[in-house]
Amino acid sequence: MLVAASTAIAGLLFGYDTAVINGALVYLKADFQLTSVTTELTAAVLLWGCAVGAGAAGFVSDRFGRRVVLLASGVLFCISGLGAALSTQWWHLLTARVLGGLAIGCASLIAPLYLAEISPAHVRGRLVTLYQLAIVTGILLAFMSNYGLTQLSANNWRWMFGLGAAPALVLCISLLWIPESPRWLLQVGQRARARTVLSRIAPSESVDEELTAISSSISSESHGSYRELFSGKALRKPLVLTVMLAIIQQVTGINTVLYYGSMIFGEHAGSSRSEAFGMNVIVGVVNLVFTIAALFSIDRAGRRPLLLTATAGMAVCLVGFAAALAWMPAHPAVALAAVLGYVAFFAYGLGPGVWVCLAELFPNHIRGRAMSFATVVLWLAVSLVTATFLTLVQTFSAPVVFLAYAIICGLSFLYIWARLPETKNRTLEEIQASLTRDLQAKPVER
């Protein structure tokens, strides 16, 4: 329970720190006299830190351990929250947000990995799922706290950032008591410590059996390299597919709503500032509800149906949102309905579905490096969308930009329909064989 609670806090901080900018930007624009470009930079700089953190986390955790990296993330979360809250210069704020990005990047890669390695098999799925739910809950909490803090007459944005330091401190304290991953301990030759950890989380009669199984697995694994990942013909198809899925998850525009929602509703949909913040809370609730729905559906319905349903539904909702902004700018309820549909389809499909596919499409020995690379690409895609959105709106207008995202959703639907095999109820070895078979062989079953 302590392990689950600690990693859930890490996920909550992930969601909170990425989404808190949504409300803070409204006040930062006035206090720091931000232009469209500097506003984009303020939102995007966190994401550049995420890319660096995700790229470095795998190597650092292999060298120093999973728990150490999570503890470092907790410290960075705390410094980032307090540093942003106490910023007196714009560059102070940017520095603090970069540190927060490093923390998020590390947590996004290491927390699920740590959970998977330390959890008993019969609860592993639930614990990893808990982390994903914690991220969405963190987003909702950010929207709720932003809405509540609109009642303050001054320093609203400082409190928005500063509140994130409290759970970060709790995370740091809790990590002092949770154990290191037994798999990592065995990898570095600390069998006695690994046995002690396993005896705390597994029935005593199965500890030795579990130790033997993990040791056997480690000794039989070959260690994949980035050179193998990028040059191996057998890995080319899954590499291209996972990179495209990572890009699709972000260039379909979801983070324009999560990061700029208050500005969109307030400046383009005709709502007041308080209404805009309240609309964000509703968006967060819908995001949470449909993420939970996806967790119950993805193993029954399959990955392809969820991703295809999501991209098609998102395209339709974005067309409706663009139409509402163009022809009914004084009716924020109509725009909100379209956005809620868009977020619901994303949360039901692309949100959890892409992460599941990324974890399934590579063989065991290369999965860590492949996941790290795909995660870096994903964060770079997020930063690209975030760093260009306001400039695009200023240049082409909001309806045109969201219509363009609708077209991208349609193209994504076609790509997924043509390229993504169904992986439901198939072993990892069966998936890998289907992706690397010769072009003349039987087509991949869909």
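Angles between axes under 35 degrees count as roughly parallel, over 145 as roughly antiparallel, 65 to 115 as roughly perpendicular and the rest as oblique. The model is predicted, with local features needing pLDDT of at least 70 and side-chain atom pairs pLDDT 80 or more, while totals for chains, interfaces and linings use all residues. Residues are numbered from 1 along each chain as its sequence is written, and side-chain values use heavy atoms, without hydrogens and water.

Helix H3 (residues 36–64) packs against helix H5 (residues 90–118) at about 40°, and their axes are 6 Å apart. H3 and H5 are therefore oblique to each other. The contact of H3 with H5 has 16 nonpolar, nine polar and one charged residues. Helices are DSSP runs of H or I with at least four residues, numbered from the N terminus; axes are lines fitted to C-alpha atoms over the stretch in contact, with angles from 0 to 180 degrees between N-to-C directions.

The whole structure has two salt bridges (a side-chain nitrogen of Lys or Arg within 4 Å of a carboxyl oxygen of Asp or Glu). One of them joins Glu267 to Lys29, with the closest N and O atoms 3.5 Å apart. Glu267 lies in helix H14 (residues 254–268) and Lys29 in helix H2 (residues 21–31), so the pair links parts of the chain 238 residues apart.

H14 also crosses helix H17 (residues 332–348) at roughly 160°, the axes coming within 11 Å. H14 and H17 are therefore roughly antiparallel to each other, and the crossing is left-handed.

Asp17, Ser80, Gly81, Ala84, Arg97 and Phe161 line the largest cavity. Helix H4 (residues 66–85) gives the most to this lining, with three residues.

Note on methods:
1 Å grid on protein atoms, 1.4 Å probe; cavity = no way out; pocket = protein on both sides within 12 Å on 5 of 7 lines; lining within 4 Å. Helix = DSSP H or I, 4+ residues; strand = E, 2+ residues; numbered from the N terminus. Nonpolar A, V, L, I, M, F, W, Y, C, P; charged D, E, K, R; others polar. Left-handed = near helix turned anticlockwise from the far one by under 90°.
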